[in-house]
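Let's take a friendly walk through a protein model. Have the sequence and the 3D view ready as you read.

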Amino acid sequence: MNTPHRQWQPVRLSPTPSRKDAVEPAPEAEHVPESEPELEAESVLDVERLLDRVASAVGDVPALLAIAQQAGRSAPKPGDGRTARLWELLASVAAVDVAAARVLEPHLDAGAILAQAGTPGSFTGSWGVYAAEAPGTRLTAAPASARADGRSPAETEPREPEPSGKSGGVQLTGSKPWCSLAQFVDHAVVTAHTVTGGRAAFAVDLRAAGVTCDVPEWTSRGLREIPSGTVHFDLVPAVPLGGDGWYFQRPGFAWGGMGVAACWLGGAVALGRHFEAALQRGARSQREPDQVALAALGEVDRILSSTVQYLAKAAEAVDAAPAGLAPAGPDSGAEAADGGTVAGGAEATTSAVGGWSEALRVRGTVAAAVERVQLLVSQNLGPGPLAFDERYGKCMADLSLYVRQHHATRDDAQLGALTLQGEHAW
């Protein structure tokens, strides 16, 4: 029981890459402020060094966003053959600080969305992804020409949106809920209702005139540095990303949902490491763990090991999915990145692996693992660490809120409906 304990060691879903495998040419570096010299562009995504930076920046949102931008220059994208590496990165950051992963994940997801939409060159600055819906809020996209002649979106004749790249071709009006870090990030991918009756994704500059961000009264003890408020848009120009339904139908929607689960898993790994370290400290003080504590640690190991293996297998399936995979969006009520629900109105893929049904399996499995690990660790460590260990208590609180993006039995009901249609491998 004398293994060195380092909270921010990487979470491995696959064999450790060689130095040759790890080296990837980075895109041309963006300007880095002189106050952040350590974030200069690198030809290698050095995960261990990045984790050290994250550990030093816990609670500092601007610093975490700078780290996210640096990581986004060379991080893998889901489905590019290195999905396991991407999910390792997300899980590893969450194992350092869950809130830091909550900053990194949407930024990387936005980069993937922009690449899937054929506009990777617009991935500059910091990004959020806002797809949630909530009662009493509605965001509408309409051609700018309709606004110019005084017509409301409802009076506009249905037509295809302006080609992406024509600035101001589409304007957003209304409100979007659950917009995490909107007051900090530069840009966002948002979903909005269109004049054709569907929903589509748009890239928008959150610094543009007409954008206002509510700063919510965030009473939660979890994710305290990442409040999620409502953003209001008043005739704000936006660039279409695909057409109606594309955002939800693309395979990347399901893959992004699995990436969130990788963050949850990283938080559970952090708790397992806290538990193991506590038992090691006790043993060094001549307080050997009893059979109850050892049984709990054994169960934690079994849960984490099997869940890591399952996520690794899911990553392989994502990378093996054919480029022309059928739509992978949800039938209804899927969880958005920031809370609330999204209603894609799309048919899920009939493939048992790689589509929305697999995303539901992954998210449900990881969420159950997280909740069981939280219970085992908290029962065995008692109130002391919750009261006096800042990093442990923060992890518990952050993870408890973050994992509630999983809708538990409602998501299982979605999966059950897909299973009844034959979307399973058993």
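What follows covers confidence, a strand and its partners, some charged pairs and one histidine.

This is a predicted model, in which local features need pLDDT of at least 70 and side-chain atom pairs count only at pLDDT 80 or more, while totals for chains, interfaces and linings use all residues. Residues are numbered from 1 along each chain as its sequence is written, and side-chain values use heavy atoms, leaving out hydrogens and water.

**Confidence**

The predictor's confidence in each residue is called pLDDT and goes from 0 to 100. For the protein chain the mean is 84, with 79% of residues at 70 or more. Over residues 340–354 the pLDDT is below 50.

Strands (E, at least two residues) and helices (H or I, at least four) are DSSP runs, numbered from the N terminus. Is strand E4 buried or exposed? Buried means under 20% relative accessible area, exposed over 50%, and partly exposed in between, with a 1.4 Å probe and protein chains only. In E4 (residues 187–194), 8 of the 8 residues are buried, so the strand is largely enclosed by the rest of the structure.

Two strands pair if DSSP finds at least two bridges between them. E4 pairs with E1 (residues 127–130) in the parallel sense over 4 bridges, and Trp127 stands opposite His187 in E4. Strand E2 (residues 139–143) also runs parallel to E4, with 2 bridges. E5 (residues 199–205) runs antiparallel to E4 and is joined to it by 7 bridges; here Asp205 is the bridge partner of His187. E4 and E5 form a hairpin with 4 residues between them, and Gly197 in the turn has a positive phi of about 95°.

**Charged pairs**

A salt bridge is a side-chain nitrogen of Lys or Arg within 4 Å of a carboxyl oxygen of Asp or Glu. The structure holds 10 of them, including these:

| Pair | N to O distance |
|---|---|
| Arg199 and Glu133 | 3.1 Å |
| Arg404 and Glu371 | 2.8 Å |
| Asp398 and Lys394 | 2.7 Å |

Asp398 and Lys394 both lie in helix H12, 4 residues apart, about one turn of the helix. Asp398 is buried, at 1% relative accessible area, and Lys394 is buried at 15%. Salt bridges that share partners join Asp97, Glu225, Lys394 and Asp398 into one network.

**His406**

His406 sits in the loop between helix H12 (390–402) and helix H13 (409–420). With a relative accessible area of 6%, His406 is buried. Contact means heavy atoms within 4.5 Å. Leaving aside neighbours within four places in sequence, His406 is in contact with Trp264, Arg363, Gly364, Ala367 and Asp411.
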